Amino acid sequence: MVNKTHPAAGVATADATEPGPVALQPRDVQFDWAGLPLRWMPDEPVASHILSVLHLLLPEGETWFVKVFKDALPLITDDRLREDVIGFIGQEAMHASAHQGVLDYYTSAGVDTSRYIRHVQWLFARILGHRPGMTEAAQRELLIEQVSIIAAIEHFTAMMGAWVLDATALDAASPDPRMLDLLRWHGSEEVEHRAVAFDVMAHFDPGYARRARALLMVAPLLTFLWARGAKYFANADKNHDFSMSWSAYFEAAKRGLLPAPGPLGKCALRWFRRDYHPSQDYSTGKAVAYLATSPAARAAEH
């Protein structure tokens, strides 16, 4: 069943300062990571390493997003949604490239994440990928399931994007300015395109069951992968003056350096409202405002 309606992506809650729908465009950002410390917040190893898990997950994850949405694009019958998907693909490809740059730099500096990366590659290729001998109908069903999984992941990445734009505690922690700009540029674009994957999911299957199932799959998987990735960075840290533990996470979150479990839980629960749509959350205006001042995004315009 195909739903041919397309809710306005990018429309935030009723606020006269919001720009309304925006044209999604990839920004060809470039970063020079020479000299980037593993603890990019010098006195905050736990927060540094937990946020750095993005560099482990996103190159493989968002490359997979791009592949899935390229496969989905010919099946989308809503012209406006097709344009949004094209913009989404371009932005996600740039996110994967930017985070891969950080991972490549850390690898050259002796941080061995190869085992973790192989595990993530296996996950996307074997568990979430096509199987040999699938019928056309089975391939289409798998594609819709893949889109729903991406929509559920995007539910959390939009929350992360909105959080990092508001996280003034990060500024006070003397972060490497390049890393903070990467996170906020990426976070802004996640807020910009927060409704696209949801709308594609609804376009193919407007029912509630698939949507609910997707988040129930994604939430524990992301938690596991994130905890494991944080351990990788903690083990690579030559200074053993901290503990990478749940209590350390809660303490850093309490100080505003990481997303707190309460807002994460509320974010997850909103997904289960039958009338939920991502445009109800967050501020496109705030995202666009940061992109207008981001050093990397501004340099990409010239």
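Residues are termed buried when their relative accessible area is under 20%, exposed when it is over 50%, and partly exposed in between (1.4 Å probe, protein chains only). Helices (H or I, at least four residues) and strands (E, at least two) are DSSP runs, numbered from the N terminus. The model is a predicted one, in which local features need pLDDT of at least 70 and side-chain atom pairs count only at pLDDT 80 or more, whereas totals for chains, interfaces and linings use all residues. Residues are numbered from 1 along each chain as its sequence is written, and side-chain values use heavy atoms, with hydrogens and water left out.

The protein contains 12 helices and zero strands. Its radius of gyration is 19 Å, close to the 19 Å given by the globule rule for 302 residues, so the protein is as compact as a globular protein of that length; the radius is taken over C-alpha atoms, and the rule is 2.2 Å times the number of residues to the power 0.38. The C-alpha trace spans about 55 × 50 × 40 Å along its principal axes. Of the 302 residues, 54% are buried. With contact defined as heavy atoms within 4.5 Å, 84% of the contacts between residues at least 6 apart in sequence join residues at least 24 apart. The accessible surface amounts to about 13700 Å², and 59% of this area belongs to carbon and sulfur atoms; areas were computed by the Shrake-Rupley method with a 1.4 Å probe, and for residues only the protein chains shown count as cover.

Helix α7 (residues 196-204) is mostly covered, with nine of its nine residues buried.

A salt bridge requires a side-chain nitrogen of Lys or Arg within 4 Å of a carboxyl oxygen of Asp or Glu. Apart from neighbours within four places in sequence, Glu62 is in contact with Glu92, His95, Ala96, His186 and Glu190.

Across the whole structure, 16 salt bridges are found. In one of these, Arg27 pairs with Glu189, the closest N and O atoms being 2.7 Å apart. Glu189 lies in helix α6 (residues 177-192) and Arg27 in the segment before α1, so the pair ties together parts that are 162 residues apart in sequence. Both partners are buried, Glu189 with a relative accessible area of 0% and Arg27 at 13%.

A further salt bridge joins Arg255 and Glu44 (2.8 Å, N to O). Because Arg255 lies in the loop between α9 (246-254) and α10 (261-270) and Glu44 in the segment before α1, this pair ties together parts that are 211 residues apart in sequence. Arg255 is partly exposed at 39% relative accessible area, whereas Glu44 counts as buried at 16%. Arg255 also meets Glu251 in a salt bridge (2.6 Å, N to O), and Glu251 is partly exposed, with a relative accessible area of 40%. Elsewhere, salt bridges that share partners join Glu141, Glu145, Asp205, Arg210 and Arg213 into one network.
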